[in-house]
Each structure stands twice: as C-alpha cells, then as structure tokens.
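This note sets out a few points on the structure shown below. Please read each point with the structure at hand.

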Amino acid sequence: MGASTVPVPVPVPVPVPQPVRVRLDDPAYHELARSFRGSLVRAGDAPYEERRRIWNGAIDRHPALIAPCTGSADVVAALKWAVETGAPVAVRGGGHSFPGHSVCDGGVVIDLSAMKEIRVDPEARTARVGAGALLGELDAATQPFGLAVPSGIVTHTGVAGLTLGGGIGWLSRKYGMSVDQLLSVDLVTAGGERVTAGAAHEPELFWGMRGAGGNFGIVTEFTFRLNPVGPTVLAGPVLWPVEDSPQVMRFYRDWIAGAPDELTTIVIHRKAPPSPALPPELHGRPVVMVIACWVGEPEAGEEVMRPMREFGRPLLDLCRPKPYLAHQAMFDPSFPHGWRYYFRGCGLDRLDDGALDVMARYAGRIASPQSGFPLFQLGGAVARVGEDDTAASGRSLGHMLNINGIREAPEGFDEERGWVREFWSAMQPYQAGVYVNFLMDEGEQRIRLAYGSRERKLERLRALKAEWDPGNVFRLNQNIPPADA
Ligand code: FAD
C-alpha cells in the first residue's frame, strides 16, 4: 500500500464541562473539611502550585480544590461533596494522562497518589495494590519474590490509569495486558457506594473496568495475579544509524514473525540520549534501536536474539542479562516530570513497506533531542484474549506506535507538535486501531475506535455507564457517554 499525501487533521474539540463556581465557604465544604482525613489543598494554600502540576508540563490547569485521599472513606467524602456541588471531578492516580485528564480547571481533583499500600502474597501469587502506586513501586514489591505484573515501560507511570486503559509493556507477549492479570477492583461508584468487581461479583462491571475503567467509578485498590519474571532478564538495546532504518526495519519484521512469547521488543527512532550507558560520541546521533526483553531461559534467548544482534553493522549492542527492575527503569530519564509532551498513537496490523518508509522519513526529521517514536510489538498472550472478553481492545494488532513530541522548555514545542501531527497523518493509510491510553483529546470518533470498530462493544459500555454513572460524573477521561434512558 502506498502512502498518499494526507491532510493534517484539525483536532476535534472534545466538549469539556464548564467549570462551575465552587463554594469553599459554605456548610457543605466545612462538613467535608471536618470528615476528610487528608489535607485539603485550595488555591492560595502553600502546596497548591506543586500539587496541581501533573507529569505533562504542557498542561496548566487550576482546580478549585485538591483532595489528597488517605483511603476509601476520603474518596467517598470528596466525591459526595463534588457531586452535591456540581463540581467537575478529575481523578488522579499517577498523573501521567497524556492530555491531562487528572487535573481540571475549577473543579475538584480526587488525588489518590498517597494511597500506595502494596500487599504481596507470594504463596497465592497475588498482590493488592493501592490506587496511588506507581509501576516501579509495584515491581519493587513483587520482584523480591521473582514475580511481576505486566505493566508499562516507565516506572513513574501510575498503576491505576495504565491498568484501567489496558496496559502494555515488556511482559505483554508473555503475560498479556495488565488487565489480563487483574483479578478484582475495589471501587467507589458515582453514587458513593463501595463495590468490589471481579469474575464472581459484578462481572459485567469488571469487564468494563478492564479497558474503560475510568468511566465507572474510582478504584481504591486493585488485586492482580502475579507471574514468574526474572529477577534477571536478557534485555537491552541494539543501535544502528538512523540511515539504516529501512533495512533494519525490514529485517526486524521478518525476525519477529513467529517469535516466541518470551520475546517482547520495542523499536525506537530518536537521537541517542546523553545516557552514561552510551559512549559520548553517540550522544545526539539519530539512531534506530531495537530493544528486546526476553523472559525465559537465557540460553534460548541468546539463540533467538542472535540474528537481530548480528544484522548489518550495529553501532552498539547493550543486550545482556540484567535485573528486570533495571530494564524497567531504562526509559525513566527520557520522560521526566514537567517537560512538554505532545503524543499521538495508532495501532498497526503489520509493518507494510509503506509504513516503514514513512517512519524512516519522519525519523530523519526529528529536531528535538528528546522526541522519538516507540513502536511496541504486540501479539502473543495479548492476542490470545478475545476481543469481547475485556473492554480493552485491539487484541489482534501487530504493533502499537506512539509518536512522542517532547521539549524540555516551551521553545520549539509548537514545531514538535507539528512534526507529530504531520507524521501521524502520514501514517493514516496504515492505521488499524486506537489504544485508549495513547489518546490525547482527539474527539468522540477516536474514542469509539479505541473500543474496536464493533458498535455493539461501545453500546455495551454505554449501557454499563448508564447503570453505574448515569449523570456522567466521571467525564474527565476518554469518555463513554451513558446510553440514552
Ligand atoms: P492519571 O493521569 O492519574 O490517570 C489517567 C486516567 O485514568 C484519568 O482519566 C483518570 O481519571 C483515570 N484514573 C486514574 N486513576 C484512577 C482510579 N483510581 N480510578 C478510576 N480512574 C482513574 N501505557 C502503556 O500501556 N504502556 C506503557 O508503556 C506506557 N508508558 C507510558 C510512559 C509515560 C511516560 C506516560 C506518561 C504514559 C505511558 N503510558 C503507557 C500511558 C499510560 O497508560 C496512561 O497515560 C495512563 O493513563 C497513566 O496512568 P496514571 O495513573 O499515571 O494517570
């Protein structure tokens, strides 16, 4: 398929609820302040500026109230107050929503980030995880037992938002998406009720929570199944000059066809970062990196990996046995808090020549030292779960692309956004799906696509929404509107 010139799309505005004037001097607020165990933060309070910030420094919103919850009782109290007041409700787990859904203007932020308790039962191979836990905190609690939950690739991302949208990363092909290892969730509903949803109790709600979870309630605790991982994995990047991208990517495509589930790879085109792991002469040089993570017998992994490592003339090969925890943290320095980020994503069924040519072309136009585009390999265990078994969709996709426009400071950020949009548009002929966790505010149509092209899946989600949140209290998210009464 050849890529034709595609017009740069005009972003479709999503209807954003108008901020209401929240009264912080009336009896209802005083009642909340009396019962709330955390320290409420209002505009003008000392911690306000810091607490309203989220990971993406391009988002600058001013909530009326930040409610840092210490447990589910605080969640119930803050939510009840918000509903009675009519204030928009933003829910914050790890604060890593690309479009900044975890903070709002004029409303209340229900901030779960302090609810980090993690209880691992190594015998039962389960973990109960507070809604404020970050991926690295979960891994740190489970890895001493040689266990892990499949999650994402940057350790300071929140378990909550990532899981509720699906969750893909280094263990996906072996153990599926994060939602595939989720056993149950404890949540607070829009009506302030505490409910546990799992296979045996509220199974329909549990189905919806696994992929569209932010729409139906506020999760206070997750229970995951744990799987054997590491603690040592065979992992790391092999780097080639970006000019070699067309050949490397064509070889890569053939190499991963039929690869065992133990292997998950991510390919990144970017300028090599100034990492101490890389020789200084490579810093800033545009490269293509194939990064592997082999979760299995190391000898078998060496065999599987060899052809890729020997292809062409790599600049550097850093693939070796290392702690899973170290591999998980590999990208952390590339995505620090407070920089400006504009990301767009799309699923791909396969790597057509035309798609690879577009990637090579836009790799050659990367201006920022930080911008790049990770291409996640899917398949394996992700694809063995049925499309209708969870709200999370895109089970049969081969790859997920995430185009990252990044600038440390405002200067040059508009140009990065332009590069991302143009690149994303040029990929349109090859796009096959939408991953809800990689959406910006892209409009209703894109949210529909995130739940598959099957209309009945969206209808099922809308019916669930009408049952659990008919007033659309939870609307600052990739929103599923309630089915019409
Ligand atoms: P938040 O901004 O706190 O929340 C995001 C959304 O989830 C909001 O709409 C919020 O309302 C809702 N939400 C949060 N907590 C709750 C809760 N307890 N109950 C109900 N709703 C809640 N995704 C992947 O799959 N794989 C990756 O490898 C990956 N890497 C990433 C790396 C970075 C640096 C970033 C920024 C994101 C990455 N993502 C990845 C995307 C990530 O899954 C989403 O951004 C996700 O929403 C982040 O979750 P959070 O809890 O940090 O975010």
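1. Between domain 1 and domain 2 the count of salt bridges is 0, a salt bridge being a side-chain nitrogen of Lys or Arg within 4 Å of a carboxyl oxygen of Asp or Glu. Across the interface of domain 1 and domain 2 there are 2 residue pairs in polar contact, both at pLDDT 80 or more. A polar contact is a pair of N or O atoms within 3.5 Å; within protein, one must be able to donate a hydrogen and the other to accept it, and residues adjacent in sequence count only if both atoms are side-chain atoms.

2. The model is a predicted one, in which local features need pLDDT of at least 70 and side-chain atom pairs count only at pLDDT 80 or more, while totals for chains, interfaces and linings use all residues. Residues are numbered from 1 along each chain as its sequence is written, and side-chain values use heavy atoms, with hydrogens and water left out.

3. The domain assignment divides the chain into domain 1 (27–111), domain 2 (118–229 + 462–468) and domain 3 (232–438); such bounds come from an automatic or database domain assignment.

4. How much area is buried between domain 1 and domain 2? The area is about 950 Å², and carbon and sulfur atoms give 74% of it. Buried area is the accessible area (1.4 Å probe) that two parts lose on being put together, summed over both. Val76, Leu79 and His96 supply 42% of the area that domain 1 buries against domain 2, more than any other three residues.

5. A ligand has 35 residues around it, and Gly93, Gly95, Ser102, Ile168 and Tyr435 come nearest; a residue counts as near if one of its heavy atoms lies within 4 Å of the molecule. A polar backbone atom of Gly93 is 2.6 Å from an oxygen atom of the ligand. For Tyr435, a polar side-chain atom lies 2.5 Å from a ligand oxygen atom. A backbone N or O atom of Ile153 lies 2.9 Å from an oxygen atom of the ligand.

6. Two backbone features deserve a check. The peptide bond from Gly230 to Pro231 is cis, with omega near 5°. Glu202 is not a glycine, yet it has a positive phi of about 50°.
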